[in-house]
Amino acid sequence: MVNDNVMHRNVAASSSELSKALANAIRALRTTHFTSAFTKLLSRLVAFDCAVIVGYRPGKHPIYLFDSLHQQRELLFQRYLMDAYQDDPFLLLLAQQQEEGIFTSKNIRSFRDKNADYQQDFYQQTGWQDELCITLRLSEARWVVVYLGKLEDRAVPPVRFTDPERHQVTCYLSVLSALCQQHWNTPFHLASATVNSDIAATLRQSVGSFGKALLTPREQQVAALMVQGLDSQEIAEYLAIGHGTVKNHRKRIYAQLGVASLSELFSLFLNHIVAASARPDRR
């Protein structure tokens, strides 16, 4: 009876914490605090050491939305978002199946075998011991992809996400999806994506200063929206200008910055972020 009472109190406490985390996420909708509140809610459903959240649209660069990385963050910006994402087995699975869900290494076995070098490099360099991926549909062509990682601890046996943990998250999948649909009901905006203290200021500064020395204010505005994943039609609607005008701005932006494609522009922007984050004084 004593053990039953203790278990009842623990379950009640867990339920109370989950309710509070859900309430905080709802209150944070459409604010820069949402991603951190959303991650806190996830932590009440499953145990993890670090998280990365990106916006995904087929055929385009993922858009950074949040991270809670404590080490090797440069790999996220210098490698993954630059080009390594193309070999990410979870994104390859999403592109193929177009399904919401909770996925682990078991689900990506066929992709993992084809991209053995990516998998080996990823786990060796990041220290992640296991990975859980949550795919949440915003619309037909817009997704939020959440990666949760458990870090390697050589003092204990390998840490893995368990079936009960996966089931717990699955039970709340519709709630998580609804929250993301409410929050990201407009195009992803990198500059206001997160309040993660050290990266948030750098991102806002980087978006605001990208191409400033070579572009007009309007061209700089268009370039900032381009690297955040908006296509020409979305930029035209957002800025209330003609689609042809946006195309003309794009041509001049490419010429002024010395790039020939959106991928090259995005790479230039990521290098700009890395350079900004490396400065000793970013006030």
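## The largest pocket

A pocket is here an open set of grid points with protein on both sides within 12 Å along at least five of seven lines, and its lining residues are those with an atom within 4 Å of a point. In this predicted model, the largest pocket is lined by 24 residues, and Leu75, Tyr80, Tyr118, Phe122 and Thr126 are those that lie nearest its centre. Two or more lining residues are given by each of strand 1 (50–56), helix 3 (73–80), helix 6 (116–126), strand 4 (128–139) and strand 5 (142–151).

Helix 6 provides the largest share of this lining, with 7 residues. The space in the largest pocket comes to about 430 Å³, and its lining divides by class into 12 nonpolar, 6 polar and 6 charged residues.

## The cavity and a salt bridge at its lining

The structure holds 1 cavity of 30 Å³ or more, and about 40 Å³ of space lies in the largest cavity. The residues that line the largest cavity are Arg57, Ile63, Arg142, Pro187, Phe188, Gln228, Gly229, Leu230 and Glu234, and by class this lining has 4 nonpolar, 2 polar and 3 charged residues.

Side chains of opposite charge can pair when their charged atoms come close. Of the residues that line the largest cavity, Arg57 and Glu234 also meet through their side chains in a salt bridge, at 3.0 Å from N to O. Because Glu234 belongs to helix 11 (residues 232–239) while Arg57 sits in the loop between strand 1 and strand 2 (63–67), the pair ties together parts that are 177 residues apart in sequence. The count of salt bridges in the structure comes to 7.

## Helix 2 against helix 8

Two packed helices are described by the angle between their axes and the distance between the axes. For helix 2 (residues 34–43) and helix 8 (residues 173–183), the axes come within 12 Å and cross at roughly 180 degrees; since angles over 145 degrees count as roughly antiparallel, helix 2 and helix 8 are therefore roughly antiparallel to each other.

On the side of helix 2 the contact is made by Phe34, Phe38, Leu41 and Leu42, and on the side of helix 8 by Leu176, Leu179, Cys180 and His183. By class, this contact has 7 nonpolar residues, 1 polar residue and no charged residues.

## Helix 10 against helix 12

The axes of helix 10 (residues 217–227) and helix 12 (residues 243–257) come within 10 Å and cross at roughly 90 degrees, which makes helix 10 roughly perpendicular to helix 12. Helix 10 makes the contact through Arg218, Glu219, Val222, Ala223 and Met226, and helix 12 through His249, Arg250, Arg252, Ile253 and Tyr254. The residues in the contact of helix 10 with helix 12 divide by class into 5 nonpolar, 1 polar and 4 charged.

Technical notes. Residues numbered from 1 in each chain as written. Predicted model: local features only at pLDDT ≥ 70, side-chain atom pairs only at ≥ 80, totals over all residues. Heavy atoms only, no water. 1 Å grid on protein atoms, 1.4 Å probe; cavity = no way out; pocket = protein on both sides within 12 Å on 5 of 7 lines; lining within 4 Å. Points joined across faces, edges and corners; volume = space filled by probe spheres on them. Helix = DSSP H or I, 4+ residues; strand = E, 2+ residues; numbered from the N terminus. Nonpolar A, V, L, I, M, F, W, Y, C, P; charged D, E, K, R; others polar. Axes fitted to C-alpha atoms, helices over the stretch in contact; angles between N-to-C directions. Parallel < 35°, antiparallel > 145°, perpendicular 65-115°, else oblique. Contact = heavy atoms within 4.5 Å. Salt bridge = Lys/Arg side-chain N within 4 Å of Asp/Glu carboxyl O.
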